[in-house]
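Good morning, and thank you for making time for this item. I would ask everyone to have the sequence and the structure open while I speak.

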Amino acid sequence: RNSDKLTISGVRAMAENLSTPEVHKEHSRPGKKQALISLSDKKDLEFLGNALLDLGFTIVSTGGTAASLESSGIPVTKVEELTAFPEMLDGRVKTLHPNIHGGILARRNEKHHMEALDNHGISTFDVVVVNLYPFYDKVTSSSGISFEDGIENIDIGGPAMIRAAAKNHDDVLIVVDSNDYSAVIEYLKNKQVDRPFRRRLAWKAFQHVASYDSAVSEWLWQQTSGEKFPPALTVPLFRVSSLRYGENPHQKAAFYSDKSLAEVNAGGIATSIQHHGKEMSYNNYLDADAAWNCVCEFGKPTCVVVKHTNPCGVASRDDIIEAYRLAVRADPVSAFGGIVAFNVEVDEVM
């Protein structure tokens with residue numbers, strides 16, 4: 001107990017004697033508008049940087065993003081100028097610092113939050129723009145990836161900044177999608193007060209991180225266990241389209257695509273392309289999926305006709321047109337208005 005007490009006292013003494021790292025005071029003056037940008041995918045970065053600059057923002061950035069901004073002639077403050085600490089551990093630690101997260105998480109309407117920032121020379125961030133290492137693309141690439149490279153493509157600082165800004169979305173605009181740049185710039189330009197807009201961005205941010213983490217989790221399970229089915233599973237779904245109605249006309253419905261690693265290159269209705277005709281309905285998708293799954297069971301050229309998820313005609317022939325005729329003939333009444341699927345390429349004659 002005495003030794004524990006001495007250790008705790010020693011730690012407290014060290015903490016009290018630690019001085020706040022020297023930061024550039026011009027970066028911490030009150031009322032200054034700051035945007036923090038850290039991007040793996042730098043699409044439209046020049047547009048974003050110039051637009052924020054025109055609105056009077058000081059841009060703070062990390063490594064490669066800072067270099068890209070500077071190459072476009074956009075002035076930028078590097079993160080290490082705020083943290084007074086260099087990037088370290090091969091880039092694993094860049095933004096994990098109170099001078100960054102304090103500026104993101106401080107609630108502007110809480111006096112003691114703002115006093116704490118002032119005491120430590122920390123300035124606030126009004127906009128945080130972050131996207132993550134391309135983990136999904138790396139681990140699903142045709143060239144493959146080693147376990148060590150997979151681990152190094154797991155982003156740490158990025159999700160931390162995204163989650164912090166999304167949590168404090170009343171004070172900080174969080175942007176994770178380059179498609180939102182124009183809307184965000186208009187929002188800032190018009191000095192709008194639109195909480196639903198901020199909440200939508202915060203939702204997208206948490207969804208972005210959740211999907212990212214689901215890919216990491218699934219990949220690690222694949223690397224760790226020989227079992228096919230993990231004890232828990234998070235499935236990332238992305239909306240492909242809103243449907244006219246659900247199974248019945250009074251019901252709402254939407255069509256989602258499964259972006260799990262296990263579904264990469266698996267094919268199926270979710271990856272199909274509609275070439276013509278009115279938009280697919282909920283029941284159309286159900287029938288199309290049933291027809292696809294049924295016809296894929298056959299090795300020979302085959303035609304399957306499905307109505308209300310039940311095959312009402314199946315035929316296999318080397319001549320696919322003959323297979324079609326036989327499949328329809330099996331139940332021509334049910335075939336009317338049904339879904340037809342083939343497991344071979346269909347030409348103009350068909």
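Throughout this talk, two residues are in contact when heavy atoms of theirs lie within 4.5 Å. Please also keep in mind that this is a predicted model.

With that definition, I begin with Met280. Met280 sits in the loop between strand 7, residues 254-258, and helix 12, residues 282-295. Is Met280 buried or exposed, or something in between? Its relative accessible area is 22%, and since buried requires a value under 20%, Met280 is classed as partly exposed. Leaving aside neighbours within four places in sequence, Met280 is in contact with Leu243, Arg244, Gln274, Tyr285 and Ala288. Met280 and Phe255 are separated by 25 residues in sequence, and their C-alpha atoms are 9.6 Å apart in space.

His97 is placed in the loop between helix 4, residues 79-83, and helix 5, residues 98-105. His97 has a relative accessible area of 17% and is buried. With neighbours within four places in sequence set aside, His97 is in contact with Thr83 and Phe85.

In soluble globular proteins, nonpolar side chains tend to be buried together. The largest nonpolar core here has 54 residues, and the members touching the most other members are Leu36, Leu52, Ile104, Val128, Ile174 and Leu188. Helix 11 gives the most to this core, namely 9 residues. A second, separate core has 14 residues, among them Ile269, Tyr285, Val306 and Ile339. To return to Leu36: beyond its neighbours within four places in sequence, the contacts of Leu36 include Val60, Val79, Ile100, Ile104 and Phe125. Val127, Val128, Val129 and Met161 are also in contact with Leu36.

Next, helix 10. This helix covers residues 181-189, and its buried residues are Tyr181, Val184, Ile185, Tyr187 and Leu188. Viewed down the axis of helix 10, these buried residues fall within an arc of 160°, so they line one face of the helix. What do the buried residues of helix 10 pack against? Their partners are helix 2 (45-54), strand 4 (127-130), strand 5 (173-175) and helix 11 (195-224). After helix 10 comes Lys191, with a positive phi near 50°.

The next topic is a sheet. Strands of a sheet pair through backbone hydrogen bonds, either parallel or antiparallel. The sheet in question is open, has 3 strands in the order 9-8-10, and shows antiparallel pairing. Strand 9 (310-316) and strand 10 (339-342) are the edge strands, each pairing on one side only. From one strand to the next, the twist averages 15°. Strand 8, residues 302-307, pairs with strand 10 over 4 bridges in the antiparallel sense, and Val304 has Ala341 as its bridge partner in strand 10. Helix 13, residues 320-330, lies across strand 8, strand 9 and strand 10, and runs at about 145° to strand 9.

Finally, the cysteines. How many disulfides are there? The count is 0. For Cys294, the closest cysteine sulfur is that of Cys296, at 9.2 Å, which is too far for a bond. For Cys303, the closest is in Cys312, at 9.7 Å, again too far for a bond. Cys294 is buried at 17% relative accessibility, and Cys303 is buried at 0%.

How values were computed
Residues numbered from 1 in each chain as written. Predicted model: local features only at pLDDT ≥ 70, side-chain atom pairs only at ≥ 80, totals over all residues. Heavy atoms only, no water. Buried < 20%, exposed > 50% of the residue type's maximum accessible area, 1.4 Å probe, protein only. Helix = DSSP H or I, 4+ residues; strand = E, 2+ residues; numbered from the N terminus. Arc of directions from axis to C-beta. Core = buried A, V, L, I, M, F, W, Y, C linked by side-chain atoms within 4.5 Å. Disulfide = S-S within 2.5 Å. Pairing = 2+ DSSP bridges. Axes fitted to C-alpha atoms, helices over the stretch in contact; angles between N-to-C directions.
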